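Hi,

Here is the structure I promised to pass on.

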Amino acid sequence: MQNNPLRPARQHPQLSLEQLRWFCPQESIPAETTEGVEPIEGIIGQDRALKALKLGVELYSPGYNVFVCGLSGTGKATTIKTILEKIQPRKVLTQDYCYVHNFEDPDRPMLLVFERGQGRRFQTDMAEAMQMVLERIPGQFEEEEVLKKKQSLIDEYNRMEAELFAAFEKELEPEGFVLGRVQDGQTLHPEILIKLGEKAVLVSDLPAAVTEKLLAREEAEKYTEKYRVYKRKLQDVFRQGMKLSREYQKKIADHERQVGEFYVGAIFTDLLNDFTDEKAQTYLRSVIESLLENLDQFKVRQEEAIDVPTEYQVNLLLDNSTTSCCPVVIETAPTFRNIFGTLERSQDANGFYFTDFTMIKAGSLLQADGGFLVLNAADALTEAGVWKNLQRVLLYRKLEIQSLEMFSQQSGSAMKPEGIEVNVKVILIGNNEIYGALSAYERDFKKIFKVKADFDYEMPNTELAVKQYTALIRKMISDEGMKHFDKRAIAGIVEYGARLVNSKKKLTTQFSEIADIVREANYWCEQNSNKYVTAEHVDKAIDETYSRHALYEDKLQEMIDNEVILIDVVGERIGQINGLAVYGGERFSFGKPTRITATAAAGKAGIINIEREANMSGSTHDKGMLILSGFIREQFAQERPMSLTASISFEQSYSGIDGDSASSTEVYALLSALSDLPIKQAIAVTGSINQKGDIQPIGGVNEKIEGFFDVCERRGLTGNQGVIIPKQNVEDLMLRSNIVESVRSGRFHIWAVANVQEGIELLTGVAAGEREESGHYPPDTVFGLVERRLQRLYQNAQDGGDVEHDLK
């Protein structure tokens, strides 16, 4: 301890009550209760994002799809849908899509595109036409005139065939031959027979006739010779008969085709007149031609009803008949099948898989044609095949429906449906990390997502914003049937919105969290059977919300209470100070004090970061320690190098340290160790520094103050305790009401400092000191004591070398 009197520190005023917390002005709330407020429609506090979205959805040029960043906790998909409805983009005429059989290439189903509502009509008309074919065509071929004409052709053919063979048989008779029919297996065919008396025998039976002396050998040989000649003539006659048969079969077929053309043409006339699109006309003519070529399949009356053959069915892929506005499709499960559609497969009786055009199914991308498809970026990137295929569709604006199995070597289907020209805008919802990665590593990303809509998590705290919050609460009450809020309850909700962003000048736009508190406050109001939700109910909801997530905080506080974790909140000690750390996640975090100590001795090792030496220090903390060293050199090593071995440690820290928010705290501990001045343990400190000794702002200032206050309150508030924070963080203060009351009553204090000098004066009660014209600090100040200590350490090093070396 110092024996000489020291120069007392200047008075540093603590923060006023108005600086500790923003209280929502009652006059900013437009009514005594939400009963007198109109519900808000639309989106609050997202002007920048709304402008970007408006550009993206209204500019119909290739690549103007939208990537939405931020928006955490605001109900992404629902909010986007509301925004799209609010913007009311230019309506694109939606269309119907049908796949039909391609009669020229069955493996490439034909796509038919119709105006909205016409696809369903085409499918229905086609089914009715085919049903008429199945029901009525058989009857047309049973009419008397049709049958009579067909029978006359058959009779004419039979007559001409009989005449042909009769003329040949007449030619055979003078030579002793007759024309007969011989059975060969299951069929009869004409054969030339030799007449021997009353019998007619085959030429193969002549040797037996010679043996039986029915015929001389020479006659048999003559018959055989003539048989060969007439056999060739018989073949010519047979060919003529076959030709005649084909001619009359054709005549019968032409007759039936004429009958079919009349009736099939009559059935399909309305379809041809109603659907004049070139491709539809081509398809309908192909259907008619196929029916006429396959009349045998339809002209026989069936005893039981049969289904329309597959090749004449219509697969209505997308029906927009009930769509009256621009489609907005939110795909919550963006699998390959759900987005792009698929080719389904079926299994036959033998266990083999097959597919056809009726098994082509549409996905959400086609369902959003002419409108918008909303996808979660992380889900789309992790689902197999989705991202690459989505890129292709957006680049070429063409959708080719395939099953995911088609991209593997095990695919057994060669079917490739005709591609579909799509006009859809995709809105991807993600975050800045995903956007940055895609921009950096996907070369086509910026070509297809030219618009970035960045949703802010906060908005300015203005009178208009308070009114918008009030109207938002009113809308929730209307939508969910909750009780009305009084003016103080509304103020509590708005103040909670400021606390969530740790700012007096901002309010959160993460309205899902605001909505949760509104619902829970309504719950506590109903539990108490009150007419209106009051500020007490809001406070209860907030307290209960934090309490549900406070297990870790309570365990840590218990360890501090039991002195397992050593924290002093009274007294003084050299080289020891209370730093402040934030624990937990982004949503529910809390602060608690942590002991930081520093020692200093002769040596040349410089300032040792114990956490770094133990591999428990993060890069940001390491940087803070290097900045600390720079500050010490700037202040005290201008004339001579420092001969110093000092160490700084976060005591009882076993999980690693990162961040530089304690760098000012470490400086204070080191200055205390070098000056031999004790630090008041009733004060905790947070703030980072630069090499010039300026105090810089930090995060989590409210949590840190509240964490130290809770420890002090558990030990008993003495009126001397408080926290030093950076001056820049004053605007971030939204402290709990009990802390504000403790400051009001003088039992707790909060100071804001701009530099190290102000902080060390508050902690030691001794003036920091300013460099005199001689270049040195006054000896009765903190910096003067540090300077003299470093001079002694340097002189000792020059006179006797390293003390530690001498001891060895």
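The largest pocket holds about 1100 Å³ of space. This is a predicted model, so to speak of local features we need pLDDT of at least 70, and side-chain atom pairs count only at pLDDT 80 or more, while totals for chains, interfaces and linings use all residues. Residues are numbered from 1 along each chain as its sequence is written, and side-chain values use heavy atoms, with hydrogens and water left out.

On terms: the search runs on a 1 Å grid over the protein atoms alone, where a pocket is an open set of points with protein on both sides within 12 Å along at least five of seven lines, a cavity is a set where a 1.4 Å probe fits but cannot get out, and lining residues have an atom within 4 Å of a point. Points are joined across faces, edges and corners, and the volume is the space filled by probe spheres set on them.

Back to that pocket: 41 residues line it, and Arg499, Ile542, Asp543, Tyr546 and Arg736 are the closest to its centre. Elements giving two or more residues to the lining include α16 (487–500), β22 (589–601) and α23 (701–715), but α18 gives the most, with 7. (Helices are DSSP runs of H or I, at least four residues; strands are E, at least two; both are numbered from the N terminus.) By class, the lining has 13 nonpolar, 11 polar and 17 charged residues. Here Ala, Val, Leu, Ile, Met, Phe, Trp, Tyr, Cys and Pro count as nonpolar, Asp, Glu, Lys and Arg as charged, and the others, Gly among them, as polar.

There is 1 cavity of 30 Å³ or more. Tyr60, Gly370, Gly371, Phe372, Asn423, Val424 and Lys425 line the largest cavity.

Now the cores, meaning sets of buried Ala, Val, Leu, Ile, Met, Phe, Trp, Tyr and Cys residues joined through side-chain atoms within 4.5 Å. The largest has 47 residues, and Ile607, Tyr668, Leu670, Leu671 and Val756 touch the most other members. Helix α22 gives the most to this core, with 7 residues. A second, separate core of 40 residues includes Cys69, Leu343, Trp387 and Ile448.

Lastly, Val393 sits in helix α12 (residues 386–396). Val393 counts as buried because its relative accessibility is 4% (buried is under 20% relative accessible area, exposed over 50%, partly exposed in between; 1.4 Å probe, protein chains only). Leaving aside residues up to four places away in sequence, Val393 touches Phe340, Leu365, Lys398, Leu399 and Val422, with contact meaning heavy atoms within 4.5 Å.

Cheers
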